[in-house]
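Have the sequence and the structure open as you read.

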Amino acid sequence: MREIIYIDGMTCTACSGGIERALKKKSYIREIQVDLLNKMAIIDFDEKESNLAEIFALIKKLGYKPRKQGVIEKLDHSFLTPKKRIVLALFFTLLTLYLSMLPMLSLSLYEKLTPIAPFYNALLQMAFTLVVMHMGRNFYLKGLSSLLSLHPTMDTLVMLGSGSAFIFSLFQIPSLPQSLEDSKNALLLCHSSEGVYFESVCVILLFILIGKSIEERAKNNTQNSLQTLASLKEASVIKIIDGEEERVNINEVKGGDILKITPQESILVDGVILQGYANIDCSSLNGESLPISKKEGDTLYSGSLNLNTTFLMQASKSAENSTYQQILNLVQNALISKAPIARVADKISAFFVPSVIILALYSAITWYFLHKDFQLSLQTFCNVLLISCPCALGLATPLALNIATKLASSRGIFFKDAQILELIGKTSMIFFDKTGTLTQKQLHIKEIHSSSSLSQTQLLQICSSLECQSHHIIAQSILEASKSLSIPKAQNISIQEGLGISGEIEGVRYKIGSAKNFSPSPTHSKEGIEIFIGESNEGGDKILGYILLEEKIKTEAKSTLEELKNMGVTSEILSGDRKGNVEKIAKELHISFTSDALPQDKLEVLKHHKDKITMMVGDGINDMLALSNASISVSMGEGSKGAMASSNLIIFNNNLENIPYAIKLSNATLKNIKQNLFWAFGYNACMIPIACGLLSGFGITLTPILASIAMTLSSLSVVFNAQRLKTFKG
């Protein structure tokens with residue numbers, strides 16, 4: 001059984017990695033992928049040996065909160081929001097700093113404003129610190145749980161570092177004077193290295209809470225496009241039942257249902273307009289900002305928005321099979337999957353936190369034996385724990401990938417997984433199908449020629465009857481031209497991939513397709529796409545006539561190919577159309593070509609270039625074999641379902657300019673990730689030795705407060721650097 005669950009409480013890559021490692025030890029877990037940034041996990045397990053409740057219990061034991069519902073479906077209405085936690089933590093931290101700092105700055109002023117003995121001063125500091133610790137209690141709860149389960153995380157480091165300082169301070173309190181007389185030196189001790197560290201604990205937790213809040217805000221901002229789509233999931237729609245209007249949940253809608261769509265209402269299922277007209281905003285699907293006019297009989301895609309009219313539509317499928325759901329699945333899978341470069345951070349995080357704890361203990365023990373100074377060794381122990389930053393490692397890759405996924409989806413580009421987003425930037429050769437990919441989607445019937453007793457209308461009816469279930473561009477063009485005709489029903493339809501279609505109409509077996517689909521093959525006589533119509537007999541096929549279609553090159557095709565050439569990417573047409581038609585298009589676009597290619601021929605061409613990172617761009621059934629064998633397969637969004645299923649990159653708006661954009665976006669994302677990883681590795685490599693005290697001989701030392709500030713700034717530097725990717729224009 002395969003389930004998508006949501007896990008609250010993960011803060012760093014050690015958290016997500018720890019959950020993965022713990023669950024993988026169980027025999028009933030086949031596969032698990034945990035996404036830190038989106039708080040999601042895909043779990044494939046044997047339902048005969050275990051169930052979701054048992055898996056949830058195991059995750060809870062690790063210190064996290066698993067749930068079946070996502071953030072979209074179940075909002076957190078808790079009183080202590082992150083913002084309120086920070087405000088309360090700031091207030092009580094300032095009070096603690098006042099009590100600890102003022103005696104050092106001005107003892108006389110302290111005696112006038114707060115005449116409290118050191119013992120009671122420290123008790124107040126302790127009370128205020130406990131409030132701040134309560135605001136950051138999740139660090140302690142999750143840190144302890146992960147430590148006990150032997151999967152320590154960043155929370156464990158914060159828990160040990162700040163907790164050690166707090167416990168040490170508690171033991172110092174009884175030794176402080178309980179009266180104000182003869183205690184002026186003791187007051188100063190409240191802020192000295194020999195005194196208490198309550199203000200350090202407060203400042204440490206405050207800065208980490210602020211840093212985590214900024215991180216979470218940045219993470220959430222990268223998920224807006226997914227949340228917009230997901231928000232449609234629980235929506236309702238007006239359904240016409242026996243002539244009456246009734247508002248029902250979208251999950252209750254089935255194919256064939258009649259729906260009423262009102263102004264500013266989202267279209268929640270795929271379908272066609274039955275009555276009226278519409279101006280549709282499809283920007284969430286294809287990135288196009290201009291509205292599209294739709295009339296009766298036109299197709300509508302779920303996820304688009306009706307702007308200003310009221311109309312009736314007929315649902316063609318249920319919500320779970322709709323275009324919107326397919327796109328949501330694509331985006332969700334792209335967000336939760338891991339790019340190869342992310343595995344570097346995952347491997348390091350597996351031993352990073354345990355290594356830091358061991359190093360902190362070793363440094364503390366070493367300094368104690370060298371100087372016999374417990375306070376110094378405690379400070380070193382806290383410094384090493386607090387300055388270490390596994391969060392930066394965990395954020396380096398997923399944050400950049402999420403932003404890139406959002407940028408791509410805003411232009412109608414959808415990746416099936418993060419691996420493709422990384423791989424596409426390495427593309428060296430692109431093969432384009434011609435019809436509907438380099439040429440416009442709408443073909444025009446130039447001529448209908450009959451070489452038999454059948455009329456032009458009858459030939460068009462035969463073609464439409466055989467093509468009525470096809471989504472190929474040629475079929476759609478023929479069906480568009482025959483909308484006003486009565487179409488006879490065909491039976492026993494058989495598809496010959498790359499050649500044509502055959503079927504029985506009123507007891508007669510007909511065939512349509514290219515010349516290769518007939519025996520003997522007819523000769524080409526016209527310039528354009530010839531669709532031959534014939535009658536299939538045992539002695540051979542009888543040609544009844546042909547339909548000549550005219551195609552035009554897409555306006556952006558030439559500039560796109562020029563841009564790819566300037567990027568060092570080789571382009572070639574790989575088409576099943578005859579040489580004359582392909583050669584004409586290739587000459588206009590100044591690229592090489594292969595014509596008359598059957599599906600297996602396209603496959604052989606790709607195999608010939610298997611030493612390169614190849615991309616195949618197509619949209620038809622005859623492209624499926626090539627698409628499934630290319631390094632990167634791109635399907636234009638209005639192509640066949642089979643082509644889309646065989647692809648790992650879908651361009652929903654069919655704009656060729658999105659191909660060089662996707663390649664540039666991949667390179668920019670990979671560059672950003674490498675910068676993030678370089679900073680994350682470099683920071684830890686430089687700062688941990690300093691925290692250990694290696695530069696103390698040069699007078700360079702740290703305090704726990706400085707260590708926590710440095711750790712927070714390290715995480716934020718990765719967050720802010722990843723945000724720069726939002727400015728990418730292509």
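Which exposed residues does the face of α2 turned away from its buried side carry? They are Ala53, Lys60 and Lys61. Keep in mind that this is a predicted model.

Now for the other side of the helix. Helix α2 spans residues 52-61, and its buried residues are Leu52, Ile55, Phe56, Leu58 and Ile59. These five sit on the same side of α2 because they cover an arc of only 160° around the axis. The cover over them includes the elements in this table:

| Element | Residues |
|---|---|
| β1 | 2-8 |
| α1 | 13-24 |
| β2 | 29-35 |
| β3 | 40-45 |
| β4 | 65-67 |

What about the ends? Asparagine 51 caps the N-terminal end of α2, with a side-chain oxygen 3.2 Å from the backbone nitrogen of alanine 53. After the helix comes glycine 63, which has a positive phi, near 105°.

On to the sheet. It's an open one of 7 strands with mixed pairing, in the order β14-β26-β25-β24-β15-β22-β23. β14 (413-415) and β23 (592-594) are its edge strands, each pairing on one side only. On average, neighbouring strands of this sheet are turned by 20° against each other, direction ignored.

Lying across β22 and β23 is helix α22 (residues 579-589), which runs at about 160° to β23.

Note on methods. Residues numbered from 1 in each chain as written. Predicted model: local features only at pLDDT ≥ 70, side-chain atom pairs only at ≥ 80, totals over all residues. Heavy atoms only, no water. Pairing = 2+ DSSP bridges. Helix = DSSP H or I, 4+ residues; strand = E, 2+ residues; numbered from the N terminus. Axes fitted to C-alpha atoms, helices over the stretch in contact; angles between N-to-C directions. Contact = heavy atoms within 4.5 Å. Buried < 20%, exposed > 50% of the residue type's maximum accessible area, 1.4 Å probe, protein only. Arc of directions from axis to C-beta. Polar contact = N/O pair within 3.5 Å; in protein donor to acceptor, adjacent residues only side chain to side chain.
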